[in-house]
Amino acid sequence: MSMNSEQGNFEQLRRLLAIKRHEQPPLGYFDNFSRQVIVRIKAGDRKGETMLEWLFEEVSWLGSLWAAFEAKPVLASSVGLAVCVLLISGFMYAGKTDMPMTTLQAQSDTLEMASSPVLTDSSSSTAGFIPQDPNGSLFQEAEKSQVKAEPVSFTPIGPN
Amino acid sequence: MIMAEPVSRMAPKGQDAPADAAAPASVDEMTLVKRARKGDLVAYDELVRRYQERIYATVYHMTSNHEDANDLAQEAFIKAFHALKSFKGGSSFYTWVYRIAVNKTINFLKQRKNRTQISLNDLDLNAEHDPDLVALVSDKTPRRDIDLAELQEKLNIAMQKLSEQHRMVVTLHDVQGLSHEEIAEIMDCNIGTVRSRLFYARQQLQAYLSDYLK
């Protein structure tokens, strides 16, 4: 198709598109349009607004950032790549530091056990019978059961 | 909202303004914008009146549906009001609102995908006397039996087959008469992209409507 015939056809198309300019809304439609807009603004109507739009409106720098990303896909890709690299390196670092942390934890547990006071003596005959709770001691048990100790006169038997 | 003092009518109302009045008095516009930013709904009402026809028309030509165009145009103005604080004045308010309406419409059409429901406005009485249309529906047209209403429907169906970006360029340039520079600013792309999209869109339309074009 030659350039001239293309222009000729576009001329026909241009004429056809003139129809669109004659498509008009019902008579008087624009008389109430602005009033309806104002009424909806007064009523706080934000129908049709997505959460993302609302967020971009409230946090203006976020909207600007998004617009910049849309306008420059290279920038969006670069930022995305940087975030990925940061995440991956973060995971790798966390993986490396996991082992020493576990060892350190185990060592500190051992030290803690060694330095804590011994409540029970495994060599004692009462080992295992001494209650952990001081309220539950044998002396208190005795008090509870009203056991009274009386002095006993004891005369040792001598050779005369 | 605070209702401030009424704003004097500095320019003709939107519905009386010529369709190609793309550069309203910027000082007056900025005054209105400043007042509207402070919550002056009278000032904002004036701004809406100035641009309502063009915003509505753009959305309508994109959707080919009066009800959708009504909702989207209103929502665009509501969104613009709430976002006024972020309007820095780098471009005209007109371009800024246009951009909001264009983005809103494109998002709507993407969500709607192929569920196109055409609800066309009637042609006005001047259509029959338009020299372009008279020339079109003449002995030069292969389908000379076709009437304007049918042509209107075929044209809208063909428009809906275009991608949103291509349809927008055709609408803004060939229907609304905006310049390549204005379209580039509104669509946030360079002029070369506008030109290439326009060429491609015209080719596509031409192919879809070949039965009705010589």
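Reader: Which residue follows helix 8 of chain B, and is its phi positive or negative?
Author: Asp188(B) follows helix 8 of chain B, and its phi is positive, near 55 degrees. Helices here are DSSP runs of H or I with at least four residues, strands are runs of E with at least two, and both are numbered from the N terminus. This is a predicted model: local features need pLDDT of at least 70, side-chain atom pairs count only at pLDDT 80 or more, and totals for chains, interfaces and linings use all residues. Residues are numbered from 1 along each chain as its sequence is written, while chains are lettered from A and ligands numbered from 1 in the order in which they are written.

Reader: Which residues of helix 8 of chain B are buried?
Author: Glu182(B), Ile183(B), Ile186(B) and Met187(B). Buried means that 20 or more other C-beta atoms, placed from the backbone, lie within 10 Å of the residue's own.

Reader: Where do they sit around the axis?
Author: Seen down the axis of helix 8 of chain B, the buried residues fall within an arc of 120 degrees, so they line one face of the helix. The arc is taken from the directions from the helix axis to the C-beta atoms.

Reader: And what covers them?
Author: The cover includes helix 4 (93–112), helix 7 (164–175) and helix 9 (191–208) of chain B.

Reader: Switching to chain A. What secondary structure does it have?
Author: Chain A has six helices and one strand, in the order α-β-α-α-α-α-α from the N terminus. Of its 160 residues, 9% count as buried.

Reader: Which of those are in helix 2 of chain A?
Author: Phe33(A), Ser34(A), Val37(A) and Ile41(A) are the buried residues of helix 2. Their cover includes helix 2 (41–63) and helix 3 (66–82) of chain B. After helix 2 of chain A comes Gly44(A), with a positive phi near 70 degrees.

Reader: How many residues are in contact between chains A and B?
Author: 33 residues of chain A are in contact with 48 residues of chain B; contact means C-beta atoms, placed from the backbone, within 7 Å.

Reader: Which element of chain A gives the most to that side?
Author: Helix 1 of chain A, with 12 residues. The side of chain A that touches chain B divides into 13 nonpolar, eight polar and 12 charged residues. Ala, Val, Leu, Ile, Met, Phe, Trp, Tyr, Cys and Pro count as nonpolar, Asp, Glu, Lys and Arg as charged, and the others, Gly among them, as polar.

Reader: How do the strands run, parallel or antiparallel?
Author: Strand 1 of chain A and strand 1 (residues 122–123) of chain B run antiparallel, joined by two bridges. Gln24(A) has Asp122(B) as its bridge partner.

Terms used. Two residues are in contact if their C-beta atoms, placed from the backbone, lie within 7 Å. Two strands pair if DSSP finds at least two bridges between them. A residue is buried if 20 or more other C-beta atoms lie within 10 Å of its own, exposed if 12 or fewer, and partly exposed in between; C-beta atoms are placed from the backbone.
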